[in-house]
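Let's walk through this one together, starting with a sheet and ending at the ligand. Have the viewer open as you read.

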Amino acid sequence: MASPTPEQLRFILESGILAPSADNHHLMRFDVRDDILELRYTGGSLPEAGGYKRVLAMLSLGAVSENLTVAASRFAIQADLALFPDPLRPDLILRVNWQPGSVAVDPLWEEISRRHTNRSVFFRGPPMSHEDRSVIERAATHVSGSHLEWLEAPKLKPPSLKLIRLAEGERFRNRLLHEELFSNIRFDVGWQHTCEEGLPPAALGIERPLRHAFAWLRHWPLMRLLNLVGGYWFLGWRAADLPCRLAPHLGLIAVDQGNDHAVFAAGRSFQRVWLAVTRLGLALQPMPASALFSFPGAIQEGIPKPLQQHLSRGWQAILPNRQPVMLFRIGRADSPATTTGRMPLQHYAPEFEYYAP
Ligand SMILES: Cc1cc2nc3c(=O)[nH]c(=O)nc-3n(C[C@H](O)[C@H](O)[C@H](O)COP(=O)(O)O)c2cc1C
């Protein structure tokens, strides 16, 4: 059996790096060896298990691996994935064995380059048809190990919005999270351009008249002053509560237990949902903070204990015996004028030599 040709492999790897990642940082390298592909984590040691940073990393890597799988299917190649295949190499996240000629073409491959985060405040209706919703649900269950839940029912939406607002507000109230948030925004590229890593300000969906004021918020002394009069509350409402409230759909991916395998599967599932949403011509924005900060290990990462406990209890009441890992809103919106870029493939696969277009 033959492996992917160099042209096919280039397409597959480029599809991998088009996957979403937390703050547009792919902390990974591809090693192409004989008939296999290995994916290494390059952010040092993986963050501590049980904390939200580990969840962010595993969700992102899951999304990359799903793009690899879907892209390989374009050539009828099955990607057999082994997660953490070598206990002696903890940075080795994934080993992919290719099985040519053994899988049906997955039409979602066409959506890989079209998918983007849409941060417009207003996601319009009308709501999805029953059939469209089923398409998304099927996309989610294609990978087992996680669950897709809808939160727009009148009993579920108000309590969910409250948790979402609290968590997103904390990103402006807490000095550590504020630093984390703003250090990933590339103010250096201005409001017209994109960038290969990090978040270009123009992709943040901030209305023109508010851009100047938003840029000032990166200064902690000013933010702290505004917080004395509830600045964080307003920003949590504007950044998350309002957009989710207006969106016709609010979804959630949850796992039974928040271990690496389950969260990785959730990342794959989430990516399939996003590709299916894109195929239906709909927009999506991830909003995972309220789920992430409810992880017990989040306390060691700077989330105040009362907030972690409040979020954990809140989600338990909404979704008993499940751990939410990713929240998102879906609706109709114009495509964003500016989207994030990516580093060239050479950056992620320095030893892969086939770069001809
Ligand atoms: C695990 C994960 C968490 C994310 N969290 C957020 C978030 O809190 N808010 C947001 O607007 N986008 C979030 N995103 C979207 C990323 O910022 C986005 O995927 C990245 O900047 C690349 O841009 P693209 O999706 O347009 O390709 C998240 C994506 C992933 C995979």
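Two strands pair if DSSP finds at least two bridges between them. Helices (H or I, at least four residues) and strands (E, at least two) are DSSP runs, numbered from the N terminus. Keep in mind that this is a predicted model, where local features need pLDDT of at least 70, side-chain atom pairs count only at pLDDT 80 or more, and totals for chains, interfaces and linings use all residues. Residue numbers start from 1 along each chain, following the sequence as written.

Now the sheet. It's an open one made of 4 strands, ordered E1-E2-E4-E3, with antiparallel pairing. Strand E1 (28–33) and strand E3 (77–83) sit at the edges with a single partner strand each, so one side of each has no neighbour in the sheet. On average, neighbouring strands here are turned by 20 degrees against each other, direction ignored; the axes are lines fitted to C-alpha atoms (for helices, over the stretch in contact), with angles running from 0 to 180 degrees between N-to-C directions. Strand E2 (residues 36–41) and strand E4 (residues 92–100) run antiparallel and are joined by 5 bridges. Look for leucine 37, which stands opposite valine 96 in E4.

On to the ligand. Domain 1 (6–115 + 340–348) and domain 2 (130–331) both contribute residues to its shell, so the ligand lies between them; the domain bounds come from an automatic or database domain assignment. Helix H2 (52–73) and strand E7 (283–286) each supply at least two shell residues, and H2 gives the most, with 4 residues.
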